[in-house]
Amino acid sequence: MSAGPIVRLEGIGKRFPLRRSWTKTVFDPRHGEYQVALQDIDLEVGAGELFGLLGQNGAGKTTLFKILATLVLPDSGSARVAGFDVEREGARVRTVLTPVIPNERSLYWRISAFENLRLYASLHGIWGPEAFRRVTELLELVGLADVGEKQVGLFSSGMKQRLLIARALVSRPKVLLLDEPTRSLDPVTSRDLRRFLREELVGRQGCTVLLATHDQAEVSELCDRVGILERGRLLAVGATADLVRRLEIHRYRMWTRDPDHAAFASLDLSGSGRSVERHRADADGWTRIDLEIPEGADEAARLLARLASEGVSVSRFERVELPLAELIERVSGDAPRDRGGRP
Amino acid sequence: MRKISALVRATWLTAKSYRMSLLFSFGGLAVAFVPLYLAARALQPVAADSIQAEGGEYFGFLVLGLVATSLINFAMRALPGAISSGIASGTLEALLATPTRLVTLLAGLVAYPFLLTIARSVLFLVGMVLVGTSVVWTGVPLAIAVLALILVAHLSIGLAAAALHLVFRTSGPLTSAVLTVSTLLGGVYYSTNVIPEVIRPLSAAVPLMYGLRALRRALLSGEPVGAVAADVGILATFAAVGLAVGFTAFGWALRYARRAGTLAQY
């Protein structure tokens, strides 16, 4: 994992002017209205780390990425990538960091996937046979080798998404920014991409990956550390498992045919767990019950054994992720002691 | 240069995929040429006196005016056009995320339309020679230099228009106004001598007027460098000052767009 921070953000702040009415613009030109996108962000990401940025829409993830990619300038604070300042040394930053621009339209639709990648290889200073090799290798990597000569406009959304990722990898970046990379991908391609990110890109090539998403499962599966961003504030940063443990997030889900069994009635009283939510029974008569067990897995195992010993029929019992909105609510409540983001 | 070539290749391949559009862009040239030639011949007796100092032959006079107009049209509109479509599609943001110098990127974005304009102009000039317009071949190098200066002088307007587009998403009437004024007062279709005296002084503020006068005198009348030096000097001043202002405006606008986060917002 970390060999020292390759991305360092100190006090990054960004706000965007809001559109105002003509009347306000003319009669009160000096007092603009602003939307705060990022507020006092401190963060360090180590070289070779896979860092997840978790947040809902509008949390500030994309703005943060655009600042790192030198596409947006910060209002305050400083951001450095591999020691280069994003504001003053933008060109050098762009030699080591590449964003996956998640906009399909940013591809040249009327030319082939091969030509798209060849163009970007040239813009990164890769020419001739080396460019040919690199482009061929990338098309194979993202599973587009068979359609490399086809016009991109004829591709499906998922294929374009894969091409966008391949485009970002052309320069073998030291830092890769991925903004919701599996958004348009089917489950198999998503799984393959995650494996590729984890094993090949980070594991073998030592690339640092910053992944912005609102998919907790993706973060849990992939990331070494995670930062939770909400309304422009970095609420918490930590190792993914630590964060879940620290927030005491132990939610379980079970399916039973005996939701009214006396054992359930005693759960709250016994202290071994508490029923969070009981859903309606499905067509086969199984009722889903969501439980929160603050003591964690050992207590969950004891609870399951107890239900079994009392003859309660349980078809499934599994640990589940806390919904993002709820996770953020908890982190917000916990925020003061979770600020700061050193790896 | 290789990066510019790569961008030209991508644009060429895109243009090539629209086969009919490409065909029409050159086919239209032939369609325009014939009536222009016939109209110029008909107007020759009327125009001859006023264009005596600039070759005296109206068809050659007209073709050079139109070639210069197509160059300034390119210079003023190609860059804002490329910026506009780049913003709309998102390609601009993707290109700006590469380690390519801004000047290289801008040159690459407009290189293909530039080559297309040059190709069309050359075809027009070859047609002009083929139908018998007399050209002084020793004046060709000077004519090329003057055309280059005309181009650069108007590139500043293109940069300013692109800057406006980055900030306001429109360049307003800037390029249309300059093109109209240049066509009316720059001597594209007629000599500036025939412009009414009341508005003739306004021609002095039109760079195209100096460029066209020097171009025609060099290529059609065969006058030496010394004879057109004053016009070339004024044109060069327009080009130098304009380019400095244009690049400053564009650099400022790009910084503004990066600050406001509007680089990829249409």
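**Exercise 1.** Which residues does B:Ala68 touch, not counting residues up to four places away in sequence?

*Solution.* The model is predicted. Leaving out those sequence neighbours, the contacts of B:Ala68 are B:Leu147, B:Ile150, B:Leu208, B:Gly211, B:Leu212 and B:Leu215.

**Exercise 2.** Describe the side of chain B that touches chain A.

*Solution.* Start with the counts: 22 residues of chain B and 27 residues of chain A form the contact. Then assign helices: on chain B, H1 (2–17), H4 (91–96) and H9 (225–260) each supply at least two residues. H1(B) has the largest share, seven residues. Finally, sort by class: this side of chain B has nine nonpolar, eight polar and five charged residues.

**Exercise 3.** Characterise the packing of helix H4 (residues 113–123) against helix H6 (residues 157–169), both of chain A.

*Solution.* The axes lie 9 Å apart, at an angle of about 25 degrees. Angles under 35 degrees count as roughly parallel, so H4(A) is roughly parallel to H6(A). The crossing is right-handed. H4(A) contributes A:Ala113, A:Asn116, A:Leu117 and A:Tyr120 to the contact, and H6(A) contributes A:Leu163, A:Ala166 and A:Arg167. By class, five of these residues are nonpolar, one is polar and one is charged.

Notes:
Residues numbered from 1 in each chain as written. Chains lettered and ligands numbered in written order. Predicted model: local features only at pLDDT ≥ 70, side-chain atom pairs only at ≥ 80, totals over all residues. Contact = placed C-beta atoms within 7 Å. Helix = DSSP H or I, 4+ residues; strand = E, 2+ residues; numbered from the N terminus. Nonpolar A, V, L, I, M, F, W, Y, C, P; charged D, E, K, R; others polar. Axes fitted to C-alpha atoms, helices over the stretch in contact; angles between N-to-C directions. Parallel < 35°, antiparallel > 145°, perpendicular 65-115°, else oblique. Left-handed = near helix turned anticlockwise from the far one by under 90°.
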